[in-house]
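Hi,

Here is the structure I promised to pass on. Have a look at it first, and then read my notes below.

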Amino acid sequence: MTSATPDLEEFKPQVTADGSFTFVSHEFGELFHSHFGAKQESFLKFVVPTGLETSAVKPSLRILDICYGLGYNTAAALQTIWAVNPHCNVELIGLEVNPSVPQAAIAHGLFDNWHYEYTAILTQLAVEQQVKTSRFQGKLLIGDGRNLITQVHQSGFLADAIFLDPFSPPRCPQLWTVEFMQKVAGCLHPQGLLATYSCAAAVRTALLAAGLEIGSTPPVGRRSPGTIAAYPGDRSVNNFPPLCESEKEHLQTRAAVPYRDPQLIDAADVILRRREQEQEVSLLEPTSSWRKRWFSGK
């Protein structure tokens with residue numbers, strides 16, 4: 001399937017601190033990456049926490065890239081894996097609502113700045129939504145992530161690494177709900193790892209509700225950490241940086257009331273209001289009290 005030419009005026013490259021470029025989403029009012037560095041963010045927030053450099057010694061790996069965007073997370077993963085093991089067979093499923101985003105990244109030549117070796121794969125994935133080579137099988141599924149994750153879950157796909165990279169929860173709550181996380185967790189291999197840039201208490205509560213263990217990943221370009229998640233077991237216990245005391249207490253505040261979308265069909269404003277109503281009657285500690293206790297005077 002070939003898509004229409006992207007509107008290059010809608011997606012104008014914005015330079016970030018490491019010299020790589022990102023776009024602004026006018027729909028969500030946010031950059032696709034932080035000012036710190038789009039390229040570094042893909043490696044440090046997603047590829048490193050999911051341990052792909054170590055697991056690349058395996059003969060095959062499966063990756064689920066949720067909110068594929070410009071394709072940076074997938075690009076960083078392929079570069080890392082094949083640098084260690086050029087013979088590793090990679091199977092990728094990417095989820096993206098707007099095919100113009102990865103197409104615009106290719107059209108603007110954003111990977112030229114990386115001196116990137118696998119642009120041909122990313123180009124075919126962006127334009128045709130599927131690629132098959134001797135060591136790579138990839139599909140880019142286009143549409144509402146809630147419908148797509150249901151399809152992936154029903155297909156039996158189990159990822160060794162999941163990159164969870166939607167826009168922020170207040171802007172895109174539909175991809176951070178308890179119900180969505182349950183579908184995502186259903187696509188994670190029992191020994192797989194999920195990484196996200198968010199440390200929001202509501203997000204972490206949803207991951208816990210999906211049966212996963214969580215830990216923190218080092219801050220990248222900001223003070224707050226990311227989150228790593230996996231099914232309970234020796235691997236996750238041994239490799240997770242534990243939550244600090246303030247993070248544990250954050251999960252006992254009203255900020256930890258999760259987003260809910262029972263049928264996976266509600267609009268963002270409905271999901272936001274539902275959470276607000278639940279917070280209003282919650283017996284959990286006010287988040288302002290927690291913040292004052294831990295961060296006043298800092």
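This is a predicted model: local features need pLDDT of at least 70, side-chain atom pairs count only at pLDDT 80 or more; totals for chains, interfaces and linings use all residues.

Let's start with helix α3, where the buried residues are Tyr72, Asn73, Thr74, Ala75, Ala76, Ala77, Leu78, Thr80, Ile81 and Trp82. That makes 10 of its 13 residues, so α3 is largely enclosed by the rest of the structure.

The chain has 298 residues, and 52% of them are buried. You'll find 12 helices and 12 strands in the chain. If you take the contacts between residues at least 6 apart in sequence, 71% of them join residues at least 24 apart. The accessible surface comes to about 13400 Å², and carbon and sulfur atoms account for 53% of that.

Next up is helix α8 (residues 201-209). Seven of its nine residues are buried, so α8 is also largely enclosed by the rest of the structure. The buried ones are Ala201, Ala202, Val203, Arg204, Thr205, Ala206 and Leu207. And what covers them? The cover includes the helices α7 (178-185), α10 and α11, along with the strands β10 (188-196), β11 (213-217) and β12 (226-230). After α8 comes Gly211, which has a positive phi, near 90 degrees.

One of the residues of α11 is worth a stop: Arg275 sits in that helix. Arg275 is buried yet has no salt bridge, and the nearest side chain of opposite charge, Glu276, is 7.3 Å away. A polar atom of the Arg275 side chain does lie 2.7 Å from the backbone oxygen of Ala255. Leaving out residues up to four places away in sequence, Arg275 touches Ala202, Arg254, Ala255, Val257, Pro258 and Tyr259. Ala202 is one of the buried residues of α8.

Last one: Asp261, in the loop between α10 (245-250) and α11 (268-280). Is Asp261 buried or exposed? Its relative accessibility is 0%, so Asp261 counts as buried. A polar atom of its side chain lies 3.1 Å from the backbone nitrogen of Asp266. Setting aside neighbours within four places in sequence, Asp261 is in contact with Arg146, Thr177, Glu179, Asp266, Ile271 and Arg274.

Over to you!

Definitions and conventions:
Residues are numbered from 1 along each chain as its sequence is written. Side-chain values use heavy atoms; hydrogens and water are left out. Helices (H or I, at least four residues) and strands (E, at least two) are DSSP runs, numbered from the N terminus. Buried means under 20% relative accessible area, exposed over 50%, partly exposed in between (1.4 Å probe, protein chains only). A polar contact is a pair of N or O atoms within 3.5 Å; within protein, one must be able to donate a hydrogen and the other to accept it, and residues adjacent in sequence count only if both atoms are side-chain atoms. Contact means heavy atoms within 4.5 Å. Accessible areas come from the Shrake-Rupley method with a 1.4 Å probe; for residues, only the protein chains shown count as cover. Lys and Arg count as positive and Asp and Glu as negative; His and the chain ends are not counted. A salt bridge is a side-chain nitrogen of Lys or Arg within 4 Å of a carboxyl oxygen of Asp or Glu.
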